[in-house]
Each structure stands twice: as structure tokens, then as C-alpha cells.
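Welcome! Please take a look at the sequence and the 3D view, and then we can walk through them together.

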Amino acid sequence: DPEREENADWMREIYPNGRDGAEVIFYTLKNQAHAWPGGRPGLRYGNADPPDPSLKATELIWQFFKAHSKH
């Protein structure tokens, strides 16, 4: 079973013991439509979905790769 953390905006599940020691972190955003989480609103299309500000996807991805360097 994964380690789970949840609040009103998102849920995070951590699967720590994958093949060859791999770790998988899965986020579910509850109020997100088709936009980059934590990003800026799209300017190209006037009716684009607004991004959910509760998580910043770019920062989360960077933190993950810093913690899991390839050596």
C-alpha cells in the first residue's frame, strides 16, 4: 500500500519499493483542468482552463530529480 497524504486540493501517493528500488510519487489534483499546475494562465486561447495554484508542478519535478540523481 502506498503512503498517502491528502488535503482539499490534492492527493499524493508514494510507492517507495518499486523494481530496482525505484520510487514513484503520484499526485492527483482535485480542481485541475487542462493546464500546467502552478503555471501561468494561457494567453494564446482566451478560454483556456486556469491552472490550479495549489501545487507547482515544475518545482515538484525538480525536487524529485534532485533527490533521485542518476549518479
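## Strands and a hairpin

Two strands count as paired if DSSP finds at least two bridges between them. Helices (H or I, at least four residues) and strands (E, at least two) are DSSP runs, numbered from the N terminus. This is a predicted model, in which local features need pLDDT of at least 70, side-chain atom pairs count only at pLDDT 80 or more, and totals for chains, interfaces and linings use all residues. Residues are numbered from 1 along each chain as its sequence is written, and side-chain values use heavy atoms, with hydrogens and water left out.

Start with β1 (residues 3-6) and β2 (residues 10-15): they run antiparallel and are joined by four bridges. Three residues lie between β1 and β2, which together form a hairpin. Here E6 sits opposite M11 of β2.

On its way through the sheet, β2 also meets β3 (residues 24-29), again antiparallel, with six bridges joining the two.

## The largest pocket

A pocket is found on a 1 Å grid over the protein atoms alone: it is an open set of points where a 1.4 Å probe fits, with protein on both sides within 12 Å along at least five of seven lines, and its lining residues have an atom within 4 Å of a point. Grid points are joined across faces, edges and corners, and the volume is the space filled by probe spheres set on the points.

The largest pocket has a volume of about 280 Å³. Its lining has 13 residues, and I25, Y27, L60, I61 and F64 are the closest to its centre. Helix α1 (57-67) gives the most to this lining, with six residues.
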